[in-house]
Amino acid sequence: MDDLEELYQELIMDHNWKPRNFRAMEDATRSVDGFNPFCGDTVTLYLKLEGQVVSDVAFQGLGCAISKASASMLTEIIKGKTTEEAEEVFDRFRQMLTRGLGEDFDAEGLGDLEVLSGVSQFPTRVKCATLSWHALRGALRGDKTVSTESSY
């Protein structure tokens, strides 16, 4: 378990200090502003859809290391997926973070996101990790704003 915790820390810090796809996207076909009222984290998620495929994704925002790292990892895993596949990844990620203590989860297709599974032990941090994911779901549905209190 120590190796997993060390990997968790390394990946979180790497994505926090060098976030992938951290930029505004002028030619986005959809964008959504997300807010976590619990701690004040904010994110703007940009999607470029070509048909039903996420051809590009980017984000900007202010937040804690978990929030920023989760958004960075989201951009890497969602790019190139269909909207249906992106929804499936959202569902698996949310299930992983909101499961009960000791409950299993379906890690298929989560890749590096699995290192965030430990966040489920800290309920106050789950909203940090899921902010950008709420924004993704909102963007896929055509919303302009979402919050971690959304019913997704």
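At 2% relative accessibility, S132 counts as buried. This residue belongs to helix α4 of a predicted model. Beyond its neighbours within four places in sequence, S132 is in contact with V43, L45, S70, A71 and L74.

An open sheet is formed by four strands, ordered β3-β2-β1-β4, with mixed pairing. Its edge strands are β3 and β4 (145-147), each of which pairs on one side only. On average, and with direction ignored, neighbouring strands of this sheet are turned by 20° against each other. In general, strands of a sheet pair through backbone hydrogen bonds, in either a parallel or an antiparallel manner. Strands β1 and β4 run parallel and are joined by three bridges. Within β4, V146 is the bridge partner of G34.

Helix α4 lies across β1, β2 and β4, and runs at about 40° to β2. Helix α2 lies across β2 (42-50) and β3, and its direction makes an angle of about 170° with β3.

**Helix α2**

Helix α2 comprises 14 residues, 65-78. From its first C-alpha to its last, α2 reaches 20 Å, close to the 20 Å expected at 1.5 Å a residue. How much of α2 is covered? Eleven of its 14 residues are buried, and the helix is thus mostly covered. The buried positions are I66, S67, A69, S70, A71, S72, M73, L74, T75, I77 and I78. Among them, S70, A71 and L74 are also contacts of S132. An α-helix has 3.6 residues a turn, so residues three or four places apart point the same way. Just after α2, G80 adopts a positive phi of about 90°.

**Aromatic pairs**

How many aromatic pairs does a search of the whole structure find? The search finds two. A pair of aromatic rings is described by the distance of the centres and the angle of the planes; the table lists these values.

| Pair | Distance of centres | Angle of planes | Arrangement |
|---|---|---|---|
| F22 and F59 | 5.1 Å | 75° | edge-to-face |
| F93 and W133 | 4.5 Å | 25° | stacked |

Why does the pair of F22 and F59 tie together parts that are 37 residues apart in sequence? F22 lies in the loop between α1 (2-17) and β1 (30-35), whereas F59 lies in strand β3 (residues 53-62), so the pair spans that separation. At 35% relative accessibility, F22 counts as partly exposed, whereas F59, at 2%, counts as buried.

**Summary**

Helix α2 lies across β2 and β3, and its residues S70, A71 and L74 are in contact with S132.

Methods: Residues are numbered from 1 along each chain as its sequence is written. This is a predicted model: local features need pLDDT of at least 70, side-chain atom pairs count only at pLDDT 80 or more; totals for chains, interfaces and linings use all residues. Side-chain values use heavy atoms; hydrogens and water are left out. Helices (H or I, at least four residues) and strands (E, at least two) are DSSP runs, numbered from the N terminus. The expected span of a helix is 1.5 Å times one less than its number of residues. Buried means under 20% relative accessible area, exposed over 50%, partly exposed in between (1.4 Å probe, protein chains only). Rings of Phe, Tyr and Trp (its six-membered ring) pair if their centres lie within 6.5 Å; planes under 30 degrees apart count as stacked, over 60 as edge-to-face and the rest as tilted. Two strands pair if DSSP finds at least two bridges between them. Axes are lines fitted to C-alpha atoms, for helices over the stretch in contact, and angles run from 0 to 180 degrees between N-to-C directions. Contact means heavy atoms within 4.5 Å.
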